[in-house]
Amino acid sequence: MSSIEVGGKSYETDEEGYLIDLSEWNPEVGNYLAQTENVEMTDQHWEVINFLREYFEEYQIAPAVRVLTKAIGKKLGADKGTSEYLYGLFPYGPGKQACKIAGLPKPTGCV
Amino acid sequence: MLHIINRSPLSDIALESCLNTATGGDILLIEDAVYAATSGNAFEGKLRAAMGRFKISVLRPDLEARGLSDRVVEGAALVDYAGFVELVAANKTCQSWL
Amino acid sequence: MSDIKKFMFVNRKAPYGTIYALESLEVVLITAAFDQDVSLVFMDDGVYQMKKGQQTKGIEIKNFSPAYRALDGYDVEKLYVDKESMDARGLTEDDLLVDVTVLSRAEMGALMDEQDVILSF
């Protein structure tokens, strides 16, 4: 088990840097995790992060990339529901990187 | 289709469920499911009633291990491990009822 | 993928008492990524997996039942529940957390015959 230090508070993560307790997440932690992934957060990034958190809240799973892409297209507009758009924001994979920043577990089936 | 069952019908409804649901085919009883094919057990009647629709096989080593190889109900075929493999190979699909 | 196979997942165990229900769900979610023809069957105690209103805080196990509502987004739309199993447990379709197709034992058996692969949990 590892941990990260954000704003004077310690948060437990797994060996790959995913937050253990997603209820501890806050935007500050999100920003910190984004830095560890070398992702510069913009409104577009936050839109995806917030979407992921809402999705998890509702279904208790992190969506597979294909499912995320489709759902984003439905919710935020077809121009954003493409893997080009999402990989543009999160070069190492929207599933892997965005889920980590959102404080979610790694999506099932994502290795 | 080959249906493989490994639980005693007296403690688990897997075999009963299989008999009630599947349309027919092969049934192989292994591990604790071999008790289903022994004479005098409370499930014997249901197994016998299903023999028209299903071909029942019993894995001999599991039966022997439980000291019941001399009590197999009539109409059930005893198979060894090679026979197990043959059953799997002879069927297009195989369902293991857990 | 050119070769689409018919995969059926047969769920016969209640949730939480054993790990089977959760394991099945995870395998289903992974299989869904491979564009196969996936059906889910809930029979015997497996119908309890579909029960609405599961609250697992008190047993400190993750409540995975909301994930069944996500299956639609994974293009897993074929959910079948055995009527006899529901009846035997005092459940009706209104008790279930997603829309399902209710089948008789005979219909279920016929559906199994159509499959290429059957995985039992």
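**Notes on the C–A interface and a few local details**

1. Start with one atom pair: the side chains of C:Asp75 and A:Lys70 form a salt bridge, at 2.9 Å from N to O. (A salt bridge here is a side-chain nitrogen of Lys or Arg within 4 Å of a carboxyl oxygen of Asp or Glu.) Between chain C and chain A the count is three salt bridges.

2. Before you go on, some housekeeping. This is a predicted model, where local features need pLDDT of at least 70 and side-chain atom pairs count only at pLDDT 80 or more, while totals for chains, interfaces and linings use all residues. Residues are numbered from 1 along each chain as its sequence is written, chains are lettered from A and ligands numbered from 1 in the order in which they are written, and side-chain values use heavy atoms, with hydrogens and water left out.

3. Now the wider interface. Chain C puts 15 residues in contact with 14 residues of chain A (contact means heavy atoms within 4.5 Å). Together the two chains bury about 1200 Å², with 53% of it on carbon and sulfur atoms. (Buried area is the accessible area, with a 1.4 Å probe, that two parts lose on being put together, summed over both.) On the chain C side, C:Lys62, C:Arg69 and C:Tyr74 supply 37% of the buried area, more than any other three residues.

4. How do the three chains pair up? Two pairs of chains are in contact, and chains B and C share the most contacts. Chain A and chain B have no contact, and their closest C-alpha atoms are 24 Å apart.

5. Back to C:Asp75, which sits in the loop between α2 and β3 (78-82) of chain C. (Helices are DSSP runs of H or I, at least four residues, and strands are runs of E, at least two, numbered from the N terminus.) C:Asp75 has a positive phi of about 60° although it is not a glycine. Most residues other than glycine have a negative phi.

6. C:Asp44 also has a positive phi, near 50°, and lies in the loop between β2 (37-42) and α2 of chain C. Is C:Asp44 buried or exposed? At 3% relative accessibility, C:Asp44 counts as buried, whereas C:Asp75, at 41%, counts as partly exposed. (Buried is under 20% relative accessible area, exposed over 50%, partly exposed in between, with a 1.4 Å probe and protein chains only.)

7. Last, look at helix α5 (residues 94-101) of chain A, where seven of the eight residues are buried. Among the elements covering them are α1 (27-36) and α2 (43-59) of chain A.
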